[in-house]
Amino acid sequence: MTEEVTEEETCESLDRKGVCSSCEESIEDVKDLFRCRTCVSEPTTFNASSVPSFCQFCVVFHIRKRHQVSDYKGHEIIVCDKHRLGCDTFCDNCQTLMCSECCKGHPGDHEVVSVESKAVEIRYRRRFTKTISQK
């Protein structure tokens with residue numbers, strides 16, 4: 001079960017911890033912030049009082065080691081079984097989530113969009129459908 005984190009709470013924590021715990025690079029955009037729940041539960045890995053934050057590059061190590069990784073909103077990352085990368089694209093034709101490597105070999109005539117934009121589209125449809133059904 002995942003704990004929901006509001007974007008406001010995440011932005012506040014990013015202001016305090018806007019540095020990757022691994023490479024120590026600054027994390028400028030909150031959407032590039034990832035957390036490893038496995039490392040949080042291992043007190044010897046990091047200081048128990050801090051929650052490790054990772055950039056989009058360093059988090060790949062944790063994903064490939066099958067750690068439980070969440071995004072900036074606290075949602076668990078969906079991982080490609082074949083490449084062990086986070087799924088960040090969606091094919092409208094196949095109705096499938098894909099990682100960046102799977103996307104490279106995918107048919108060029110398919111409609112491929114970011115997962116984020118697909119989520120916005122789905123939320124809009126749900127609101128629109130509710131509005132129409134209430135009339």
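A residue counts as buried when its relative accessible area is under 20%, as exposed when it is over 50%, and as partly exposed in between (1.4 Å probe, protein chains only). By that rule C99, with a relative accessible area of 0%, is buried. The structure is a predicted model, in which local features need pLDDT of at least 70, side-chain atom pairs count only at pLDDT 80 or more, and totals for chains, interfaces and linings use all residues. Residues are numbered from 1 along each chain as its sequence is written, and side-chain values use heavy atoms, with hydrogens and water left out.

**Overall architecture**

- The protein chain contains 5 helices and 6 strands; helices (H or I, at least four residues) and strands (E, at least two) are DSSP runs, numbered from the N terminus.
- Along the sequence, these elements follow the pattern α-β-α-β-α-β-β-β-α-β-α.
- The protein chain has 135 residues, of which 30% are buried.
- Its accessible surface is about 9,400 Å², and carbon and sulfur atoms account for 50% of that; the areas come from the Shrake-Rupley method with a 1.4 Å probe, and for residues only the protein chains shown count as cover.
- Of the contacts (heavy atoms within 4.5 Å) between residues at least 6 apart in sequence, 39% link residues at least 24 apart.

**Confidence**

- The mean pLDDT, the predictor's confidence in each residue from 0 to 100, is 77 for the protein chain, and 75% of the residues score at least 70.
- Confidence is lowest in helix 1 (residues 7–16), with a mean of 42, and highest in strand 4 (residues 89–91), at 92.
- Residues 1–17 have pLDDT below 50, and this stretch makes 24 contacts in the model beyond near neighbours in sequence.
- Where pLDDT is low, the predicted coordinates should not be read in detail.

**Sheet and nonpolar core**

- An open sheet is formed by 3 strands in the order 2-1-3, with antiparallel pairing; two strands pair if DSSP finds at least two bridges between them.
- Strand 2 (53–54) and strand 3 (69–70) are the edge strands, each pairing on one side only.
- Strand 1 and strand 3 run antiparallel and are joined by 2 bridges, and C36 stands opposite V69 in strand 3.
- R35 lies in strand 1 and is buried, at a relative accessible area of 16%.
- The side chains of R35 and S53 make a polar contact of 3.2 Å; such a contact is a pair of N or O atoms within 3.5 Å, and within protein one must be able to donate a hydrogen and the other to accept it, while residues adjacent in sequence count only if both atoms are side-chain atoms.
- The largest nonpolar core has 15 residues, and C20, F54, V59 and V69 touch the most other members. Strand 1 (34–36) and helix 3 (59–64) each contribute at least two residues to this core.
- A nonpolar core here is a set of buried Ala, Val, Leu, Ile, Met, Phe, Trp, Tyr and Cys residues joined through side-chain atoms within 4.5 Å.

- C99 sits in the loop between strand 5 (96–98) and helix 4 (100–104).
- Apart from neighbours within four places in sequence, C99 contacts C80, H83, L85, G86, C87, D88 and T89.
- The C-alpha atoms of C99 and I78 are 9.3 Å apart, with the two residues 21 apart along the chain.
- L97 belongs to strand 5 and is partly exposed, at a relative accessible area of 34%.
- Residues up to four places away in sequence aside, L97 touches I78, C87, T89, F90 and V115.
- K118, in helix 5 (residues 115–134), is buried at a relative accessible area of 9%.
- A polar contact of 2.6 Å links the side chains of K118 and D92.

**Backbone angles**

- Most residues other than glycine have a negative phi.
- R66, in the loop between helix 3 and strand 3, has a positive phi near 65 degrees; R66 is exposed, with a relative accessible area of 60%.
- Q95, in the loop between strand 4 and strand 5, has a positive phi of about 55 degrees; Q95 is exposed, at 54% relative accessibility.
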